[in-house]
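Dear colleague,

Please find below the structure I promised to hand over, followed by a summary of what was found in it.

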Amino acid sequence: MNHRGGAAGGPLTLADYAELAHRRLEPGVWDFVTGGAGDERTLAANSAAFDRVRLRPRVLSGVAQPALGTRILDRTWAAPLAVAPMAYHTLVHSDGEVATAAAAGAAGVPFVVSTFAGRTFEDIAAASTAPLWLQLYCFRDRGLTRGLVERAARAGFEALVLTADAPRLGRRLRDIRNGFRLPTGIEPANLSGSGFASPGDHAREAFDPALDWAVVEWLRSVSPLPVLIKGILTASDARRASEAGAHGVVVSNHGGRQLDGAPATLDVLPEIAAELSGRRTVLLDGGIRRGADVLAALALGADAVLVGRPVLHGLAAAGQDGVADVLGMVTEELADAMVLAGCPSVAGAGPALVSASALPVQGGDERPAAADRPRGAGSGLVKEELHTSVSDPVLDTMNFLNEITHRYPDAISFAPGRPYDGFFDPEQIFAHIRRYMDHLAASGKSPAQVRDALFQYGPTSGQIRELVAESLRLDEDIDVPAESIVVTVGCQEAMLLALRALIAGPDDALLVSSPCYVGITGAARLLDIEPTAVEEGADGFRCAALEAAIRAERGRGRRPRAFYVIPDHSNPSGATMAMDERQELLKLAAREDFLILEDSPYRLVSPGRQLPALKSLDRERRVVQLGSFAKSLFPGARVGYAVADQLVTDRSGNTGLLADELTRIKSMVTVNTSALSQAVVGGMLLAGKGGAAEHNTDTAHYYGEAMRATLRQLDISLPEAERAELGVRWNRPGGGFFLTVKVPFLADNAALARSAEEFGVIWTPMSYFYPQGGGERTLRLSVSYLTHADIDEGTARLAQFIKVAARH
């Protein structure tokens, strides 16, 4: 962060940037920039509303480095703020929106580009590394509007923000008094030849004054981009926006002329947020001047805010560096405010942060926000007062996928990553239980003990640990004592136990190979752990990327504690870690003193000889293997395990195994894993002569053929020349359940819904699997659950969808 010296020699403030901009701009230009599009008193009311808010301080909260990231419209933002749409950045600096886009990209926050930008969409996109959205006016000439939308989409813009409060622009009194006109050469670069000069000249003639909610449906019909409505000031309009299919709203009152006494945006935010209740994105635009303002907006229901004039001030004063400085200051101030308020993450910001005596008012009467409102009749609860994980988008991703699947039952789905049903025979369950009972009896157990082994709780660490240890020795060449194993309720519990034991506080870092399985991300968020993503390269995981991430974490004063990875046929990417990288990873773990959490459920169900598991190569107890029998034996049994043979020494010098600590935690989570489920899995292992591999000869062949059939049909439906023309490509895994397809369009929830409805095929957006953003133009296919006939038909449907989406 630069914060170049201010008048007194210290760092610049936002006020300093405003003063510098004032000095450097012509008076008429300054008034144009400062006045905005709406009534001046409305703008002042927005700032005054923030001045009334008081945030509650908290001490000894343990919050040292609050998590600023947030996920909006399937994209992770580095902080809950974006650059608001403002016309003609070229009016204050020659680089205009190009400089703003570059600074926003460096800050990791989106830029909402005005229809009346002074630089082309293409130039702006070339400078940006963060999401770009298009702020859109709907013109009488719908062809002109559609052309803008399509041009922005081709440039890589990711959302549309329809300004709905501008059929009547505010009277820009200072511009009228100054007789201000845009200087020659300042024009809307993306409306070349339209004859537009300045907003005031074209509003009455060009804007469509008779818009109704049908415009949302029209926009969705001409573009797959998500649509947000800007200018929402009432809960009823927020509800209408949601019903019309908008993906979100922007609470804003300065797009156009307002009624006398129109409320400040902050005053109406709580009722709008309560109306939408997490179902749609809620952004706030207007009056943000400090990081504490951002936190106040989050506390009262916003998912993020838009920052406008301070950005223009920074641009006018120092170009790209000035914009970067302004965004950095707001972000740093937000982090400071979160620390002082004891708020650990953006998702944790709720109404309890705001002092009741200074809550926003509406209509001149005191109206307490959600913090002081009744909690509802009977057992009614306020969602924002529940743990932040219940509002985390990570936990909603699969819900949306399930909703799509149920809405379109006739669609062929490449989404479920579960085993093929054709291998299951219900009668086998009884035979496996009987086999396990016979094993117990042959081991010297009395009939009473056999009965207890099936009906009672059993040991927390598991009653089939010896059988699991033997199967690991036979199948994976992993030789560990049974006491180092904890039998868990699926691998998901093993993840939860390992994270709870290893990540002791905010200074401990969890690193994850990205894209990664959502289960580890979700478990981390449940425990208030923000994982650090280590991006895979085009050819898979590389230790160099992990080493760089470790250095960065140490530079932030954090201790890298564990690294989670699926080394074989990964979910979701299908990638497999090379042998040299496996060996280098083990060396790196020893050198940098962290543990590897190895999750590798697809080895036994993949054809051919597999590379050695990390745990089988582990000579220094650096690997905690998180395992599961769901894919290889019986998914419904929900039996997993953790191999945790690391030594743990207490202050008295006593030593034990990490498995013992996991068992203690498990005793307070699930108490024990189902004895009946363990009996079924134990019987299956016994039937396989002690291992699981023998059960998977046919399944591995089937899944291998399913993968080959999918790849073969993709090659047929999208020949090499055509996919090169469209910009489509996919990887070719040698096993596992998953492969990924890169496409030239946004593969988001909106595209998924269109694919299901119009083409009858379902897939999974890869953006679900990126903890810190990514994968927006990639989709995941699972080949495991379908018949080969369904694969052929589904792949043909998918190819048709891709062709249409790529060309539109």
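Asp267 is buried, with a relative accessible area of 12%, since the cut-off for that class is under 20%. Please note that this is a predicted model.

Salt bridges

Asp267 has a charged partner: Arg52 forms a salt bridge with Asp267, and their closest N and O atoms are 2.8 Å apart. Arg52 itself is partly exposed, at a relative accessible area of 32%. Arg52 belongs to helix α3 (residues 40-52) and Asp267 to helix α11 (residues 265-276), so this pair ties together parts that lie 215 residues apart in sequence. In general, side chains of opposite charge can pair when their charged atoms come close. The model contains 39 salt bridges by the rule applied.

A second pair is formed by Arg75 and Glu158, whose closest N and O atoms are 3.0 Å apart. Are the two partners buried or exposed? Arg75 counts as buried at 15% relative accessibility, and Glu158 is buried with a relative accessible area of 10%.

The side chains of Glu547 and Arg551 meet at 3.3 Å, N to O. Both residues are in helix α20 (residues 543-555), and because they are 4 residues apart, about one helical turn separates them. Glu547 is partly exposed, with a relative accessible area of 24%, and Arg551 is partly exposed at 45%. Through shared partners, salt bridges join Glu547, Arg551, Arg554, Glu584, Arg591 and Glu592 into one network.

Helix α6

Helix α6 (residues 142-154) has 13 residues and spans 18 Å from its first C-alpha to its last, close to the 18 Å expected at 1.5 Å a residue. Within α6, Thr145, Leu148, Val149 and Ala152 are buried. These four residues cover an arc of only 95° around the axis, which means that they sit on the same side of α6. On the other side of α6, Gly143 and Arg154 are exposed. As a general point, an α-helix has 3.6 residues a turn, so residues three or four places apart point the same way.

Nonpolar cores and a surface patch

The largest nonpolar core holds 98 residues, of which Leu266 and Leu269 touch the most other members. Helix α13 (residues 309-341) supplies the largest share of this core, 15 residues. Apart from this core lies another, of 40 residues, including Ala751, Leu798, Phe801 and Ala805. In soluble globular proteins, nonpolar side chains tend to be buried together.

Nonpolar residues also occur at the surface: Leu381, Leu386 and Val390 form a patch there, with about 270 Å² of accessible area together. Val390 is in the loop between α13 and α14 (397-407) and is partly exposed, with a relative accessible area of 34%.

A contact across the sequence

Which residue lies 8.0 Å from Gly462 in space, C-alpha to C-alpha, although 216 residues apart in sequence? That residue is Gln678. Gly462 is found in the loop between α16 (447-455) and α17 (465-476), and at 8% relative accessibility Gly462 counts as buried.

With kind regards

How values were computed
Residues numbered from 1 in each chain as written. Predicted model: local features only at pLDDT ≥ 70, side-chain atom pairs only at ≥ 80, totals over all residues. Heavy atoms only, no water. Core = buried A, V, L, I, M, F, W, Y, C linked by side-chain atoms within 4.5 Å. Buried < 20%, exposed > 50% of the residue type's maximum accessible area, 1.4 Å probe, protein only. Helix = DSSP H or I, 4+ residues; strand = E, 2+ residues; numbered from the N terminus. Patch = residues over 30% accessible without salt bridge, like charges linked within 9 Å, V, L, I, M, F, W, Y side chains within 5 Å. Areas by Shrake-Rupley, 256 points an atom, 1.4 Å probe, with all protein chains shown as cover. Salt bridge = Lys/Arg side-chain N within 4 Å of Asp/Glu carboxyl O. Expected span 1.5 Å × (residues − 1). Arc of directions from axis to C-beta.
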